[in-house]
Amino acid sequence: MCVICFVKALVHVFKIYLTANYTYNFRSWPVDFRWDDVREASAGGSSHRALTCAAAAAGVWLLHDAALGGGMPGRPPRGARSQVQCLLQQIRQLPSQLASYALAHSLGRWLVYPGSMFLMTRALLPLLQQGQERLVERYRGRRAKLVACDGNEIDTMFMDRRQHPGSHGRGLRLVICCEGNAGFYEMGCLSAPLEAGYSVLGWNHPGFGGSTGAPFPQHDANAMDVVVKYALHRLHFPPAHVVVYGWSIGGFTATWATMTYPELGALVLDATFDDLVPLALKVMPHSWKGLVVRTVREHFNLNVAEQLCCYPGPVLLLRRTQDDVVSTADHLPTLASGDMEGDVEGNRGNELLLQLLQHRYPSVMAREGRSIVTRWLRASSLAQEAAFYARYRVDDEWCLAMLRSYRERCQEELEDVETWGPHGPTFPWLVGRGLSRRRRRQLALFLARKHLKNVEATHCSPLEPEDFQLPWGLPPRS
């Protein structure tokens with residue numbers, strides 16, 4: 001009996017050892033898809049039309065205007081400066097550039113992407129292994145190695161529900177999950193859409209888990225590029241059925257994907273921010289302000305709001321009412337026993353919503369609209385939100401009729417197909433011109449409520465499956 005128990009224990013230990021080495025030693029894993037395999041996939045006959053953006057063929061790009069100082073007051077145009085002035089300016093900036101580079105590749109990287117630290121990966125190895133086994137055994141997950149255009153190998157896991165799509169056909173949609181700065185697909189944000197019944201594709205940032213490389217914005221964008229191409233050209237999901245879900249810092253890669261591939265069906269951003277600079281200044285010494293701003297702009301320019309405004313499709317923002325990670329408030333919320341309401345005024349998701357609505361509906365958000373949405377964002381619970389909404393007697397049917405009427409008018413008047421995108425008339429929409437102040441407030445509140453949802457949770461709390469929803473889209477006239 002003891003011999004049998006000993007043999008079983010030895011087999012169990014040997015199995016764990018082999019699994020751990022095979023699972024996390026990704027070097028010998030065969031390559032399943034490369035970023036340039038898109039040409040072969042397209043030649044073989046794709047189920048969807050070719051993507052219109054340049055990234056479908058080759059090349060990965062980032063928005064660099066903010067990083068290069070574009071639009072800064074007091075800075076003369078680049079062409080107005082002589083070559084000598086440019087050279088002197090570069091020499092003067094050299095010490096600060098070196099300091100910025102050193103900070104970005106040492107302390108800065110660990111602060112922005114702590115999940116890429118070797119010690120953290122080793123400490124989490126048992127949990128990551130258990131999470132991966134759960135995805136494979138319970139959800140029949142398929143692991144794949146993707147190679148990005150910079151040569152980094154990206155570790156992915158795909159759970160396919162198309163054979164049994166379940167209620168409302170959710171399994172026919174693919175949710176691409178972009179994890180946070182300390183998240184891994186083995187134990188990250190993909191659990192909510194997975195338990196909600198969707199097909200799910202998870203991936204790890206470069207330098208996280210089995211993925212190689214370093215998690216800088218350019219490498220992250222390269223990784224996201226090959227992940228999207230893999231979903232479209234190897235897994236054969238139509239672009240309209242692909243939903244990109246970004247949690248926390250994953251909002252950067254999520255908005256980059258939808259900006260670069262505007263045909264994708266929808267975008268969900270959970271507990272994310274508009275820009276990294278305010279959050280970085282919050283945790284760093286005030287005397288380091290100049291160095292911190294320069295380091296972020298040049299090496300970690302996570303300009304989520306700027307990229308978000310480039311996407312023309314449906315968007316849903318999930319704002320967590322107990323989130324102190326993406327908040328710039330001077331103090332942490334003090335909660336009474338059993339009270340789930342917190343201070344949400346400093347949440348950077350507020351600015352994300354305001355910039356999105358300002359870009360899409362400038363006439364509605366002028367003056368009264370922006371002011372009323374700013375006040376509405378102070379509601380930290382569903383009860384407060386409903387009370388504020390009822391106070392201004394928002395007529396949802398009237399708001400829908402206004403938006404439908406504008407869309408139909410655009411369809412009749414705009415004959416140039418270039419003014420139309422994959423989701424209808426391109427933004428900005430000029431709906432709301434000539435409305436009274438009361439009506440403008442009502443329409444602004446309606447749009448704000450459709451684009452942002454409060455979730456009573458902290459930043460790192462797992463999202464409940466029922467809280468993961470697809471974004472609102474303007475329905476056709478019945």
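## Report on a predicted model of 478 residues

Asparagine 301 sits in the loop that links α9 (289-299) to α10 (304-308); helices (H or I, at least four residues) and strands (E, at least two) are DSSP runs, numbered from the N terminus. The structure is a predicted model, in which local features need pLDDT of at least 70 and side-chain atom pairs count only at pLDDT 80 or more, while totals for chains, interfaces and linings use all residues. Residues are numbered from 1 along each chain as its sequence is written, and side-chain values use heavy atoms, with hydrogens and water left out.

Asparagine 301 is buried, with a relative accessible area of 8%. Buried means under 20% relative accessible area, exposed over 50%, and partly exposed in between (1.4 Å probe, protein chains only). The side chain of asparagine 301 makes a polar contact of 2.9 Å with the side chain of arginine 297. A polar contact is a pair of N or O atoms within 3.5 Å; within protein, one must be able to donate a hydrogen and the other to accept it, and residues adjacent in sequence count only if both atoms are side-chain atoms.

**Overall make-up**

The protein has 15 helices and eleven strands. Of its 478 residues, 51% are buried. Among contacts with a separation of 6 or more, 76% are between residues 24 or more positions apart; contact means heavy atoms within 4.5 Å.

**Nonpolar cores**

A nonpolar core is a set of buried Ala, Val, Leu, Ile, Met, Phe, Trp, Tyr and Cys residues joined through side-chain atoms within 4.5 Å. The largest one holds 98 residues, of which Ile176 and Val373 touch the most other members. Helix α6 (residues 217-233) supplies the largest share of this core, nine residues. Leaving aside residues up to four places away in sequence, the residues touched by isoleucine 176 include Leu201, Trp203, Met224, Val227 and Val228. Another core, of 26 residues, lies apart from it, with Leu194, Tyr245, Trp247 and Val455 among its members.

**Helix α7**

Eleven of the eleven residues of α7 are buried. Among them are Phe252, Trp256 and Met259. The buried residues of α7 pack against β4 (174-178), β5 (199-203), α6, β6, β7 (266-270) and α10.

**Helices α12 and α13**

The axes of α12 (residues 368-376) and α13 (residues 382-391) come within 10 Å and cross at roughly 150°. That makes α12 roughly antiparallel to α13. Axes are lines fitted to C-alpha atoms, for helices over the stretch in contact, and angles run from 0 to 180 degrees between N-to-C directions. Angles under 35 degrees count as roughly parallel, over 145 as roughly antiparallel, 65 to 115 as roughly perpendicular and the rest as oblique. Ile372, Arg375 and Trp376 of α12 meet Glu385, Phe388 and Arg391 of α13.

**Backbone geometry in loops**

| Residue | Phi | Relative accessible area |
|---|---|---|
| Histidine 236 | near 60° | 40%, partly exposed |
| Serine 248 | about 55° | 6%, buried |

Histidine 236 lies in the loop between α6 and β6 (242-247), and serine 248 in the loop between β6 and α7 (250-260). Phenylalanine 427 and proline 428 are joined by a cis peptide bond with omega of about 5°. Proline 428 belongs to the loop between β10 (424-425) and α15 (437-451).
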